[in-house]
Amino acid sequence: DQQPRHYVSKISKIVIDLPDQPLRYTSVPNAINTDGVWGEAGINAENVAMSATETITSNERVLGADPLVQSGIGEEDMLTIVLPYIHSAREGVLRLGSLLKKYGTYEKNGIAFSDTDEVWFIETIGGHHWLAQRVPDDSYVTVPNQLGIQEVDFSDNDNFLYSDDLEEFIKNNHLDLSFDGKINSRLTFGSHADNDHHYNTPRAWFIQKFLTPSVSQDPMSDTIPFAQKPFRKITIEDIKYLLSGHYQDTVYDPYGTTGTEAEKKAFRPIGINRTGELSILQLRSDRPEGYRALQWIAFGSMPFNTLIPFYTNIEDTPAYLRDTTNRVTSENFYWINRLIAALADSHYHEVIASIEQYQERTLSQDHAAIIATDKDAAGLAGKELTDFLTRSNQEITDRIKEETEELLNEVLFTVSNLMHNKFARGDN
């Protein structure tokens, strides 16, 4: 009932009339909305998830043939105008595709949709075109800030969806760079800049090195696969570790002890200092629809924080996350994580043990809380279930708040004792 029917973008000023009867949905919007909503990630009442977005790249040939539209839609808008109106991942791709065709976009983005049957990844191409691939059931995909989809089969509509005129667009603008006529989207629509080798490809390399260790690749390679098979099933903890990644156990680790200063600064870390939020969108097909969906949330720089699992069939969000201010305060989960990270960064080796213990402890408690909540939710329905899950989220958050405040105490104490102006009477 809070969803707008007459949507106005803050950045492009585009005006869109939205459908009636939107679904309830979660999002992780800007705390200060002077630049718009930026909903980023969420799950709706039909247990369809959307992650919007991953900023990607393009090239001059594409942008010349289909220029960006400054009055179009962008990351600020996409979750708000798509997620409340879709009932499957495939429907999400098609709705967003129709909006791109009608309004255009002023930027280049990749967006993920998922339900319990399918995961799709859609990439925008120029101002109005798009291409989406269904993620194979036995695979994961890695998408740094770079167009990722590779080989395209236009005859396989079970696994590829695209703009109505995409094949004609490629042909008329001579965008196909292959010798055999087989379209590779990354080569056709993507970038191949020197900066990609430092900002993008190493992140895909690190993730695939961890999840598929049998494959040997160069961190600066332009051909790291979009989709790759893991050597085992992937856990929530794996995702947290990888999205906290700073090239651990390599010479490129900025906190490492083996690389040169140049090597430590060569690649952009995954868990970068300026991260605002992370959402892991989990749809558990073996649970009833009423409590199937979990949105795991972390704020701030990833190596130093933890995840909070939220049931999404709820009516309210705990103030610790909901009411982030533009004033620094340890009473917000966002700001306390920023404070811990800023303190820990300069004394990484002295405090990382405390942080790792905190992460293990809180994630263990998260799993215990989910097991208990699932058990107690069995048999509940309607408002009774929603109220119960809302209370469960609050209890989980209260526990995380206590643990995080204790971590701040530990880190602050350790770092304070290492200040340069320390002096003991025995030092003279």
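This is a predicted model: local features need pLDDT of at least 70, side-chain atom pairs count only at pLDDT 80 or more; totals for chains, interfaces and linings use all residues.
Figure 1. If you count cavities of 30 Å³ or more, the total is one. The largest cavity is lined by 15 residues, and those closest to its centre are Pro144, Gln146, Arg186, Ala204 and Ile224.

**Figure 2. Met78, a buried residue of helix 2.** Let's move to helix 2, which covers residues 75–82 and includes Met78. Is Met78 buried or exposed? Met78 has a relative accessible area of 0%, so this residue counts as buried. Who are its partners? Leaving aside neighbours within four places in sequence, Met78 is in contact with Met50, Ala52, Thr53, Leu83, Leu96, Leu100, Thr105, Asn109 and Ile111. Look for Glu40 as well: Glu40 and Met78 are 38 residues apart in sequence, while their C-alpha atoms are 8.2 Å apart in space.

**Figure 3. Glu107, a buried charge without a salt bridge.** Here you can find Glu107 in the loop that joins helix 3 (89–103) to strand 5 (109–114). How far from Glu107 is the nearest side chain of opposite charge? That side chain belongs to Lys108 and is 8.0 Å away. A salt bridge needs the charged atoms to be within 4 Å, and buried Glu107 has none.

**Figure 4. The contacts of Glu107.** Which side chain makes a polar contact with the side chain of Glu107? Asn109 does, at 2.9 Å. Beyond its neighbours within four places in sequence, Glu107 is also in contact with Leu68, Gly74, Glu75 and Thr124.

Definitions and conventions. Residues are numbered from 1 along each chain as its sequence is written. Side-chain values use heavy atoms; hydrogens and water are left out. Helices (H or I, at least four residues) and strands (E, at least two) are DSSP runs, numbered from the N terminus. Buried means under 20% relative accessible area, exposed over 50%, partly exposed in between (1.4 Å probe, protein chains only). Lys and Arg count as positive and Asp and Glu as negative; His and the chain ends are not counted. A polar contact is a pair of N or O atoms within 3.5 Å; within protein, one must be able to donate a hydrogen and the other to accept it, and residues adjacent in sequence count only if both atoms are side-chain atoms. Contact means heavy atoms within 4.5 Å. On a 1 Å grid over the protein atoms alone, a cavity is a set of points where a 1.4 Å probe fits but cannot get out, and a pocket is an open set with protein on both sides within 12 Å along at least five of seven lines; lining residues have an atom within 4 Å of a point. Grid points are joined across faces, edges and corners, and a volume is the space filled by probe spheres set on the points.
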